[in-house]
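I opened my notebook for a friendly look through this model. Here is what I looked up, entry by entry.

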Amino acid sequence: DQIRDLRTRQDIYSDRGVSQDELIRPSTWQDIYLRRGKAEVPYFNGEIIRLGEERGMKTPINRKLHDIVMEMAAKKEPPGKYTVEELQKML
């Protein structure tokens with residue numbers, strides 16, 4: 001639901017006269033969009049994974065999202081590669 005909300009967020013701003021160029025995008029999105037070949041996901045999902053491991057807790061969703069984004073970054077693929085439904089199936 002959160003991913004879907006983020007995808008439709010542009011409609012919220014367009015109603016207020018904000019163009020696509022003026023939208024503030026999360027830094028991870030910018031990493032992928034600008035095709036930097038890396039992303040700061042290890043600092044977010046990676047930290048959750050690390051903390052889970054320290055406490056003996058599994059974090060499969062964070063691990064999968066980490067892996068998906070890092071693969072997209074390495075391959076310099078654009079954001080929006082996967083639909084919400086595709087991500088849900090992967091998770």
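Which side chains meet in a salt bridge at 2.4 Å, N to O? I found Arg-50 and Glu-47, where a salt bridge is a side-chain nitrogen of Lys or Arg within 4 Å of a carboxyl oxygen of Asp or Glu.

A note on sources: this is a predicted model, where local features need pLDDT of at least 70, side-chain atom pairs count only at pLDDT 80 or more, and totals for chains, interfaces and linings use all residues. Residues are numbered from 1 along each chain as its sequence is written, and side-chain values use heavy atoms, with hydrogens and water left out.

I then asked why Arg-50 and Glu-47 are separated by about one helical turn. They sit 3 residues apart in helix α3 (helices are DSSP runs of H or I, at least four residues, numbered from the N terminus).

Glu-53 lies in α3 and Arg-63 in α4, so the pair ties together parts 10 residues apart in sequence. Glu-53 is exposed at 52%, whereas Arg-63 is partly exposed at 38%.

Last entry: Lys-81 and Glu-77 form a salt bridge at 3.0 Å, N to O. Here Lys-81 is partly exposed at 35%, while Glu-77 is buried at 16%.

Definitions and conventions. Helices (H or I, at least four residues) and strands (E, at least two) are DSSP runs, numbered from the N terminus. Buried means under 20% relative accessible area, exposed over 50%, partly exposed in between (1.4 Å probe, protein chains only).
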